[in-house]
Amino acid sequence: MAKSTYKRILLKVSGEALSGDQSFGINPEFLGKVAAQIGEVTKAGIAVAIVTGGGNIFRGMSAAAEGADRVTADMMGTLGTIINSLALSSALTRAGIKSKVFSAITMPSIADSYTARAAKAALEEGYVVVLGGGIANPFFTTDTAAALRAIELDCDVVLKGTNVDGVYSEDPKKNPKAQRYDTISHDEVIARNLKVMDTAAFALARDNGLPILVYALDDEHGLMGVLTGKTRNTRVG
């Protein structure tokens with residue numbers, strides 16, 4: 001098996017991905033697949049941190065668009081990320097992978113409170129670290145949380161799984177002639193307003209020299225394929 005050049009990674013798992021082919025909720029079958037892929041990565045000696053989204057439970061932006069208070073709506077969505085973190089950690093445990101959930105929102109009966117120091121220690125002890133609660137503030141997406149946590153935890157790269165095999169000039173499902181990029185700079189992504197991740201996430205990654213790999217979640221080689229170069233992806237940065 002080809003070896004990865006990355007020693008510590010951060011995986012961004014969207015809430016929509018966790019719902020699988022359902023319109024909402026959590027798909028146990030998909031959770032199991034994600035856990036198996038993460039297990040393969042950890043067996044290769046790569047430390048894994050994960051930031052979960054919450055769109056399968058509640059979308060704050062959608063509620064705000066319908067007249068709800070934006071701060072309240074965003075915090076409701078943040079609680080959804082905690083649910084997903086617990087579900088993913090449970091799936092990892094069932095797969096025989098030790099994991100630890102950290103929450104950016106203090107809730108000691110549910111998860112450990114997040115500090116970079118504690119999360120780093122857990123990674124060094126061989127735990128998969130699952131990070132819920134975003135950054136515990138409204139108006140920031142979990143994409144931005146993923147970039148921030150990757151920087152705080154000294155990760156080598158952020159992996160963002162999507163429904164296409166990289167970054168395109170526009171949605172390739174709507175325009176088959178859309179241009180695909182093998183590599184692209186953070187500045188180009190921001191200037192062209194390419195909606196793969198939140199602009200703030202790209203800006204934060206740019207300012208800290210953090211690369212981002214965008215790949216298709218359903219690729220047959222999975223997560224390890226991305227890390228070893230078998231899976232087609234776009235490198236941002």
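1. Leaving aside its neighbours within four places in sequence, which residues is V41 in contact with? In this predicted model, they are I9, I46, V48, L223, M224 and L227. V41 itself lies in helix α2, which covers residues 28–43.

2. The relative accessible area of V41 is 0%. Buried means under 20%, so V41 counts as buried. V41 and G225 are 184 residues apart along the chain, yet 9.7 Å separates their C-alpha atoms.

3. If residues up to four places away in sequence are not counted, T144 touches D198, A200, A201 and L204.

4. Helix α5 runs over residues 116–124, and A119, A122 and L123 are buried there. Seen down the helix axis, the buried residues of α5 fall within an arc of 100°, so they line one face of the helix. R117 and E124, on the other side of α5, are exposed.

5. What do the buried residues of α5 pack against? Their partners are four strands: β1 (8–13), β2 (47–52), β3 (99–103) and β5 (128–132). Just after the helix, G126 takes a positive phi of about 95°.

6. On the overall fold, the protein chain has 9 helices and 11 strands. Of the contacts between residues at least 6 apart in sequence, 71% join residues at least 24 apart.

7. Does the chain's radius of gyration agree or disagree with that of a compact globule? A compact globule of 237 residues would have a radius near 18 Å, and the protein chain has 17 Å, so the two agree. Along the principal axes, the C-alpha trace spans about 50 × 50 × 35 Å.

8. Buried residues account for 51% of the 237 in the protein chain. The accessible surface comes to about 11200 Å², and carbon and sulfur atoms contribute 51% of that area.

9. The protein chain carries 25 positive and 25 negative charges.

Methods. Residues are numbered from 1 along each chain as its sequence is written. This is a predicted model: local features need pLDDT of at least 70, side-chain atom pairs count only at pLDDT 80 or more; totals for chains, interfaces and linings use all residues. Side-chain values use heavy atoms; hydrogens and water are left out. Helices (H or I, at least four residues) and strands (E, at least two) are DSSP runs, numbered from the N terminus. The radius of gyration is taken over C-alpha atoms; the globule rule is 2.2 Å times the number of residues to the power 0.38. Buried means under 20% relative accessible area, exposed over 50%, partly exposed in between (1.4 Å probe, protein chains only). Contact means heavy atoms within 4.5 Å. Accessible areas come from the Shrake-Rupley method with a 1.4 Å probe; for residues, only the protein chains shown count as cover. Lys and Arg count as positive and Asp and Glu as negative; His and the chain ends are not counted. The place of a charge is taken as NZ of Lys, CZ of Arg, CG of Asp or CD of Glu. The arc is that of the directions from the helix axis to the C-beta atoms.
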